[in-house]
Amino acid sequence: MVRTIKLVIYYFLYQLLFTTLITLPSIWMELMNNEGDVNAFTGTESNNNIVGITMVLSGIAMIWHLIHFKYVKFNLKSFGEVSGKTIGLSIPLIVAGMIFINLCSEFIGLPDMMQDTFRAMSRNVFGIISIAIMAPLVEELLFRGAIQGHLLRKGMKPLNAILIASAVFGIVHMNPIQIPFAFAIGMIFGWLYYRTGSVVPGMIGHFINNSIATIQMALLSKEELNTKTIEWLGEGPTYALFAISLAVTIGMFLYLKKRLPAAPSYQEKEIIEVTNE
């Protein structure tokens, strides 16, 4: 757990670092140009771009940290570790799981404290890159590769390792509506990582989820985003979708559990030693 806490601290420190290096000077320049009017900077396009740039740069820094200090071993060849067939079979599980979990989130009705920020980010290039591309790369390398992988190699039971990594994944989002969703989808990504030994299926699933969310936020109004599925489709179709997505999720899980090769052996001595930081 010490490594888990340390890596999460690094995750936030890189965000703080680039926020300080980029955002604060930009705010100062904007204030100078607007004769000290604080309200002039809030919500501007430049502000939204800066948030996106900050997240992209902090994401790159975190990826470098994980690879440089050998928390994970990842390069372009890693995308060939899992067969196309396995990835293809994983997608129905991930998509059905996303739909089911999202409907559950709507039924719970937790507040979305980051909606305005994400809507603004979805309307500029750097924001789109940070949400749809950088987040899947960074978060799968961190939570599945570096954290869950380490727990598995240390001999922790797979279910416990998946639960811990998914719980941390949910908590770091710090947004009420995202926490249970991230935890639940993290369980799916975590199981795929455990069975394949690769972060690639989770990255692809994460990319699908974040890309769909980004497109919705970019195209829909705030009122439309806050409209629940049951209001769009009606009770009957919504409950049918709920049942179908649950059935597909369970069915694909059982199918993959039977068809995928046996999980790699994690309970061996770690090959990758973390260098001094």
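The following legends describe close-up views of a predicted model.

**View 1. The overall fold of the protein chain consists of 11 helices and zero strands.** Helices (H or I, at least four residues) and strands (E, at least two) are DSSP runs, numbered from the N terminus. Of the 277 residues in the protein chain, 42% are buried (under 20% relative accessible area; exposed is over 50%, partly exposed in between; 1.4 Å probe, protein chains only). Among contacts (heavy atoms within 4.5 Å) with a separation of 6 or more, 83% join residues 24 or more positions apart.

**View 2. Helix α3 spans residues 84-108.** The 25 residues of α3 reach 36 Å from the first C-alpha to the last, close to the expected 36 Å (1.5 Å times one less than the number of residues). Gly109 follows α3 and has a positive phi, near 75°.

**View 3. Helices α5 (residues 125-153) and α6 (residues 158-171) cross at roughly 145°.** Their axes come within 9 Å; axes are lines fitted to C-alpha atoms, for helices over the stretch in contact, and angles run from 0 to 180 degrees between N-to-C directions. On the α5 side, the contact includes Phe143, Ile147 and Leu151. On the α6 side, the residues include Ala161, Ile164 and Val168. The contact residues divide into 11 nonpolar, two polar and two charged (Ala, Val, Leu, Ile, Met, Phe, Trp, Tyr, Cys and Pro count as nonpolar, Asp, Glu, Lys and Arg as charged, and the others, Gly among them, as polar).

**View 4. Asp116 and Lys222 form a salt bridge between distant parts of the chain.** Their closest N and O atoms are 3.1 Å apart. Asp116 belongs to helix α4 (residues 115-121) and Lys222 to helix α9 (residues 222-225), with 106 residues separating the pair. Asp116 is partly exposed, at 46% relative accessibility, and Lys222 is also partly exposed, at 33%.

**Notes.** Residues are numbered from 1 along each chain as its sequence is written, and side-chain values use heavy atoms, leaving out hydrogens and water. In this predicted model, local features need pLDDT of at least 70 and side-chain atom pairs count only at pLDDT 80 or more, while totals for chains, interfaces and linings use all residues.

Terms used
A salt bridge is a side-chain nitrogen of Lys or Arg within 4 Å of a carboxyl oxygen of Asp or Glu.
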